[in-house]
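Here is a walk through a two-chain model.

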Amino acid sequence: MNQIIVYTVIILTGIGILAAVVIYFVSRKFAVQEDTRVSAVESVLPNTNCGGCGQPGCHAFAMAVVNAGDLSALHCPVGGNAVMKQVADILGITAVEKDPYIAVVRCSGSFEYRKKTNIYDGTGSCKIAAALYSGDTACSYGCLGMGDCVEVCDFEAMYMDEKTGLPVIIEDKCTACNACVKECPKDILELWPKGKKNQRIYVACLNEEKGSTARKECAVACSGCSKCFEACRYDAITMTNSLAAIDPDKCKLCMECVDTCDVHNIITANVTPEKIQQANEQRLKREERERKKREAEKLAAQQNGNETTPQA
Amino acid sequence: MATRLHHKLKTFRIGGVHPEENKLSGQVPIVPLPLPKMVTIPIAQHIGAPAKITVQRGDTVKTGQIIAVHEGFVSSNIHSSVSGKVGIIEQVMDSSGFKHTAISIRVKGDDWEEYIDRSDTLVEEIEADAKEIVSRIMEAGVVGMGGAAFPSHVKLSVPEGKHVDHLLINGVECEPYLTADHRLMIEKPREIIVGIKILMRALGVKKAIIGIENNKRDAIETFEGLLKEESGISVEPLEVQYPQGGEKQLIQALLNREVPSGGLPADAGAIVHNVGTTYAVYQAVQKKKPLIERVVTVTGKSVKQPSNFLVRIGTPVIDLLIAAGGVPEDTGKIVSGGPMMGKAIADLDVPVAKGTSGILLIPKEESMRAEIYNCLHCGKCIEACPMGLEPYRLLLMSKKGNSEKAKEEHILDCIECGSCSFVCPSNRPILDYIRLGKTELRKTKKP
């Protein structure tokens with residue numbers, strides 16, 4: 001009995017030692033030479049594997065960074081400039097600063113403004129509904145409200161507002177990883193520069209129908225009235241297919257357009273009502289000045305015209 | 001008939017289901033629907049490029065006048081189905097569930113183009129040669145009237161290097177409830193036979209087979225009687241099984257040939273045309289009448305008068321519903337097409353298009369989806385799939401966004417017949433996800 005135990009222990013120990021020796025040499029011989037910088041870079045990355053950088057995961061991003069040796073095309077939106085600075089320090093290269101982004105919801109068609117015209121009873125997924133038909137409200141551009149975007153968010157930065165039926169983005173948690181933007185079949189979500197002092201402004205509508213049709217479909221739809229377009233001093237607003245859009249690169253956040261919108265669908269974030277009011281007053285004053293100037297010019301032209309070339 | 005009883009009816013080899021037939025309007029004759037006040041004619045009623053509009057707001061048009069011309073080969077002409085004044089041209093919701101450009105025409109009188117022969121006399125003598133037949137069909141804007149609305153002239157132009165020896169006429173109408181084709185076969189069999197001869201001449205084939213499901217004995221007997229002296233054309237009763245009327249299934253049932261994956265019926269030496277299309281071909285070639293009206297079944301368990309209407313294209317669905325006795329109180333869904341492959345419509349102003357075979361009103365208790373449970377891996381969907389696919393796996397692949405893998409598993413061979421969803425004991429939305437997978441694949445194909 002005891003003998004059996006002794007033999008077993010000796011044999012197994014022998015096998016163990018033998019295997020250890022074999023494994024030691026094998027691992028030496030076939031060791032994978034990985035750049036130590038890769039693991040160093042990886043350790044400072046957020047390691048959420050969200051794919052927001054365009055790489056399949058954080059490890060792949062680390063490898064890409066080390067291989068490229070240049071940060072102009074690679075940026076971790078989740079870590080932001082702070083992490084990219086650390087990465088640059090590890091690799092001994094210069095960091096490229098990029099403006100932080102955030103996802104915005106470009107639809108304001110809540111239950112209140114956009115009445116349901118039919119009942120969707122199919123599978124609860126925006127993607128499937130979008131492949132089937134134009135949606136359960138009259139607006140074929142708006143949010144379908146089944147929360148595919150919330151489901152793909154790895155950072156719990158979104159939730160569906162039950163009162164409005166629209167997704168809401170939690171500013172502190174959104175990392176601009178782009179997952180929701182890719183998921184949305186109606187392209188409602190868009191990455192937007194976070195802006196100076198976290199202030200940003202955008203038109204929350206994508207309806208390209210003519211004004212009258214658009215308003216019938218949704219009470220806060222952009223009708224393409226061009227008031228905001230005319231108010232903008234920086235050419236940051238474009239009108240295409242009866243839809244206004246703000247170019248965030250050109251926008252100076254002067255907020256003068258906000259109050260021109262009939263349906264208050266130019267959405268601002270972190271801007272005090274006072275500032276908007278101020279901006280609006282400024283705009284009105286400016287417009288008044290311009291109007292007077294134009295009238296004076298017209299008058300002058302008329303007088304000039306009367307003197308030189310009388311017209312019928 | 002006695003001889004028929006003891007030999008087994010032909011059918012396709014794998015899969016299939018047998019939903020309740022519910023052919024409520026099978027014995028109701030086709031009635032022309034009174035002219036509507038206004039028609040809305042979509043310019044994309046067919047598969048392929050939308051037609052190019054040739055009229056303007058305010059123009060006066062005659063019935064049968066061309067109002068949009070085909071753009072490219074895979075496209076179709078659109079004709080005015082009424083006479084009157086062209087109204088607004090805008091994006092309108094059609095039976096596809098999406099908004100497409102449509103021409104609205106305010107109806108005034110019924111003033112037809114002079115060259116159209118409106119009489120009921122049967123013109124049997126076929127004067128046109130193959131080339132002219134195809135061009136007349138193209139001119140008349142004939143498309144497949146079984147539902148998919150594929151331009152018919154494209155089907156008649158067999159790609160080079162392919163040999164077609166059979167013309168198959170699809171009189172199966174395997175969708176429950178629908179009876180439009182059935183009634184047409186009973187009321188216009190002679191015209192359909194002339195249509196078949198026209199198609200045979202265009203294709204240069206010697207043999208044609210009309211496939212009819214065995215639940216339409218009257219239609220089968222009508223054709224058997226008429227075709228006694230005809231050589232080359234025969235009728236084949238088929239087992240009542242869904243989707244017998246699928247193109248690939250019909251070829252398998254009638255010729256015992258298989259269309260290769262991703263291939264065309266011409267690869268199996270056959271061309272399939274629906275009986276409705278055949279009748280439209282007869283009218284286009286012999287009567288110079290463009291495709292401006294079609295038979296639409298309006299049916300449903302609670303519908304007062306299940307009917308078969310001869311409807312001008314562009315008539316709003318609501319007109320048909322009123323003519324059939326109104327929308328019953330208990331209606332839960334209104335479906336364009338049959339219960340298996342049809343699509344619920346979200347708006348009653350949706351116009352009847354060339355591919356609208358029926359309007360089905362489903363009572364509330366039958367219309368809503370049941371609660372979804374987990375997959376039992378029972379394999380019923382695999383048994384039911386007429387294309388030999390594994391639907392439950394395709395669902396998972398599509399759901400996970402793995403459409404490449406789904407492509408390897410032949411997701412693109414799916415004919416979207418819905419047999420898998422029909423048999424699933426867990427009420428899983430199998431077809432929804434398969435469609436999603438197919439849509440994703442088509443998206444990624446584009447640059």
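**Chain B, the interface and the backbone**

In chain B, take the contacts between residues at least 6 apart in sequence: 74% join residues at least 24 apart. Two residues are in contact if their C-beta atoms, placed from the backbone, lie within 7 Å. The model is predicted: local features need pLDDT of at least 70, side-chain atom pairs count only at pLDDT 80 or more, and totals for chains, interfaces and linings use all residues. Residues are numbered from 1 along each chain as its sequence is written, while chains are lettered from A and ligands numbered from 1 in the order in which they are written.

Chain B holds 15 helices and 17 strands. These are DSSP runs, numbered from the N terminus: helices are H or I of at least four residues, strands E of at least two. The C-alpha trace of chain B spans about 65 × 50 × 50 Å along its principal axes. Of its 447 residues, 51% count as buried. Buried requires 20 or more other C-beta atoms within 10 Å of a residue's own; exposed is 12 or fewer, partly exposed in between, with C-beta atoms placed from the backbone.

Between the chains, twelve residues of chain A contact twelve of chain B.

Now the backbone. Tyr242(B) and Pro243(B) are joined by a cis peptide bond, with omega about -5°. Pro243(B) sits in the loop between β11 (233-238) and α7 (247-255) of chain B.

In chain A, Asn241(A) is not a glycine, yet its phi is positive, about 45°. Asn241(A) counts as exposed because it has 9 C-beta neighbours inside 10 Å.
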